[in-house]
Amino acid sequence: MYAATADRAPRRAAPAAALLRVAAVAAAIPAARRVGSELAYAAELRSDLAAAVERAGGRDRLRSCGPLYAGRYRFPLVAWHLRAHISELDLAPRAPGVVFSSKLRPDEPNSPAIPAGYQLVARAGTWEVYAACDA
């Protein structure tokens, strides 16, 4: 009699376990979509920056203009595209220099803020490149 009762317990637990798995997957779908959207936006940032650098005249022209500025968390991306060291970038723009302004996330404003004296030299996707060169 004990063995028969023990055999029924796993059979009763299986549907409950399956329901828990379905609920867990359903709960994870919004988070997975959000992560997918964030990854897609990050990929756009990368490809758009390459286009912005080219439209602004290329990395050599931009690097000859002066110090480089970018928004928080975008230093590695900008440094990679300009073949610069991360330590060559700063957060607080001041002339002369080149500012790479973009949205870190689609629902945020562009950063860093552009000070007076800078002119828009290129735009691609969410990136804007501003320059105030030494002349």
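Colleague: Happy to look at it together. In which helix is Asp48 found?

Modeller: Asp48 lies in helix H1. Keep in mind that this is a predicted model.

Colleague: How far from Asp48 is the nearest side chain of opposite charge?

Modeller: That side chain is Arg55, 7.3 Å away. A salt bridge needs the charged atoms within 4 Å, and Asp48 has none, although it is buried. Beyond its close sequence neighbours, up to four places away, Asp48 touches Ala124, Gly125, Thr126 and Trp127.

Colleague: Now the sheet. What is the order of its strands?

Modeller: As a general idea, strands of a sheet pair through backbone hydrogen bonds, in a parallel or an antiparallel sense. Here the five strands form an open sheet in the order E2-E1-E3-E5-E4, and the pairing is mixed. E2 (89-90) and E4 are the edge strands with a single partner each, so one side of each has no neighbour in the sheet. E1 and E3 run parallel, joined over three bridges, and Ala70 sits opposite Phe100 of E3.

Colleague: Which residues touch the most other members of the largest nonpolar core?

Modeller: That core has 23 residues, and the ones you want are Leu62, Val78, Leu82, Val98, Phe100 and Val129. Contributors of at least two residues include H1 (2-55), H3 (75-82) and E5 (127-132), with H1 giving the most, five residues.

Colleague: And what is Val78 in contact with, leaving aside neighbours within four places in sequence?

Modeller: Val78 contacts Leu49, Ala70, Leu89, Phe100 and Trp127. There is also a second, separate core of five residues, among them Val99 and Tyr118.

How values were computed
Residues are numbered from 1 along each chain as its sequence is written. This is a predicted model: local features need pLDDT of at least 70, side-chain atom pairs count only at pLDDT 80 or more; totals for chains, interfaces and linings use all residues. Side-chain values use heavy atoms; hydrogens and water are left out. A nonpolar core is a set of buried Ala, Val, Leu, Ile, Met, Phe, Trp, Tyr and Cys residues joined through side-chain atoms within 4.5 Å. Buried means under 20% relative accessible area, exposed over 50%, partly exposed in between (1.4 Å probe, protein chains only). Helices (H or I, at least four residues) and strands (E, at least two) are DSSP runs, numbered from the N terminus. Contact means heavy atoms within 4.5 Å. Lys and Arg count as positive and Asp and Glu as negative; His and the chain ends are not counted. Two strands pair if DSSP finds at least two bridges between them.
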